[in-house]
Amino acid sequence: MRFNPKARLDTSRVRDSGRSRGGGGASGGGMRIPVPGGAKAGGSIGGLLVLILFVVLTQCVGGGQGGIPLPDNSLDMSRVQGADSDRYANCETGEDANNDVDCARVAVENSLADYWSETLPDQSDTDFRPEAVMATFTGAVDTGCGQATSQVGPFYCPPDEGIYLDTTFFEDVLQEQLNGPAGDFVEPYVLAHEYGHHIQNLMGTMGQVRTQQGPESDAVRLELQADCYAGMWTANATGTDDASGEPLILELSQEDINQAIAAAKSVGDDRIQDQTTGRVNPKEWTHGSAEQRQAWFMIGYTEGSLESCDTFSASTL
Ligand SMILES: [Zn+2]
């Protein structure tokens, strides 16, 4: 992946809350709900990594249990909690993104926002608004969905429209615990998947989730759709212009695509179950198998439309 060195980066939707051991009280009405015993569906990247995320769907988005309405606010950084460090202060250009992984994260967020701000109104009746905030942290973070730690893995929280990410996840969990791939395009795939959940949130798709576990469950359909949306962006990343009309991402290689596919497979439910418990139980799936995740990423990549990503109507996943 190579960024346009002259492109300007926009850090206005990206923040970092620094290192925290957690335990602080959530301000602003964050929900505190006990951690469930089993893995449930959520806006996260992988099934057994989920601890609090079931809250997102069952409590916040109206999974049939008196969901709390989503806020109808425009972009407001203050709703993503925690102080902001200066982690992204020096990310100004695509050249910075080529030389620094933190700035590359900003650039990927910018590209996702540019892509979906065009694509969503083009292909649906949904306006692209408000925009997601991407928040990195180390250790623990308070969110509109409760407190999260690194072990949760990257996730999207609908009430505050935040994508939360402890960047140690990639090495400590994805590579070491799940035998997942390393490489420059692993994180962009994950961010694109989480951004897919933001698109689902805007489109109201999360409210369709009724069944939370199992290979044909709505939860799995939601997750596979997010993979499909990640494929859509990946296919169009180099053709997406920034605010000045220039592409921000100049080059994606086949190696980049292969890394995205390998990452999608490594967070398949069967892979995670096999790596963590040594057995595979489809009844407990929340995100889909490795093969399904690869397949739906590729459908988005090759077809490139919201319609092709309609996992809820698909007879076979
Ligand atoms: Zn997800």
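Visitor: Where is the place of Glu161 in this structure?

Guide: Glu161 sits in the loop between E5 and E6. The coordinates belong to a predicted model.

Visitor: Why is Glu161 counted as buried?

Guide: Buried means under 20% relative accessible area. The value for Glu161 is 5%, so this residue counts as buried.

Visitor: What is the phi of Glu161?

Guide: Glu161 has a positive phi of about 55°, although it is not a glycine. Most residues other than glycine have a negative phi. Asn179 also has a positive phi, near 60°, and is likewise a residue other than glycine.

Visitor: Is Asn179 buried or exposed, and how do you know that?

Guide: The term exposed requires over 50% relative accessible area. Asn179 has 59%, and therefore it is exposed. Its location is the loop between H4 and H5.

Visitor: What makes Tyr156 a buried residue?

Guide: Tyr156 lies in strand E5, residues 155-157. The cut-off for buried is under 20%; the relative accessible area of Tyr156 is 0%, so Tyr156 is buried.

Visitor: Why is the pair formed by the side chains of Tyr156 and His198 called a polar contact?

Guide: A polar contact needs a pair of N or O atoms within 3.5 Å, one able to donate a hydrogen and the other to accept it. The side chains of Tyr156 and His198 make such a contact at 2.8 Å. By contact distance, therefore, the pair falls inside the cut-off.

Visitor: Why does Arg221 count as buried?

Guide: Arg221, a residue of helix H6, has 9% relative accessibility, and so it counts as buried. Leaving out residues up to four places away in sequence, Arg221 touches Glu216, Thr311, Phe312, Ala314 and Leu317.

Visitor: How do you know that the span of helix H7 is close to the expected one?

Guide: Helix H7 covers residues 254-266, with 13 residues. The expected span is 1.5 Å times one less than the number of residues, which for H7 gives 18 Å; the model reaches 18 Å from the first C-alpha to the last.

Visitor: Which elements do the buried residues of H7 pack against?

Guide: The buried residues of H7, including Ile257, Ala260 and Ile261, pack against helices H4, H5, H6, H8 and H9 and against strand E7.

Visitor: What makes up the largest nonpolar core?

Guide: A nonpolar core joins buried residues such as Leu, Phe, Trp and Tyr through side-chain atoms within 4.5 Å. The largest one has 67 residues, and those touching the most other members are Phe3, Leu9, Leu112, Trp116, Tyr189, Tyr195 and Trp233. Helix H3, residues 101-123, is one of the elements that give two or more residues to this core, and H3 gives the most, with 10 residues. Beyond its neighbours within four places in sequence, Leu112 is in contact with Leu191, Ala192, Tyr195 and Trp233. In soluble globular proteins, nonpolar side chains tend to be buried together.

Visitor: What is the average pLDDT, and where is it below 50?

Guide: The protein averages a pLDDT of 84, with 81% of the residues scoring at least 70. Over residues 23-42 the pLDDT is below 50, and this stretch has 44 contacts in the model beyond near neighbours in sequence. The pLDDT is also below 50 over residues 48-76, a stretch with 81 such contacts. Where pLDDT is low, the predicted coordinates should not be read in detail.

How values were computed. Residues are numbered from 1 along each chain as its sequence is written. This is a predicted model: local features need pLDDT of at least 70, side-chain atom pairs count only at pLDDT 80 or more; totals for chains, interfaces and linings use all residues. Side-chain values use heavy atoms; hydrogens and water are left out. Helices (H or I, at least four residues) and strands (E, at least two) are DSSP runs, numbered from the N terminus. Buried means under 20% relative accessible area, exposed over 50%, partly exposed in between (1.4 Å probe, protein chains only). Contact means heavy atoms within 4.5 Å. pLDDT is the predictor's confidence in each residue, from 0 to 100.
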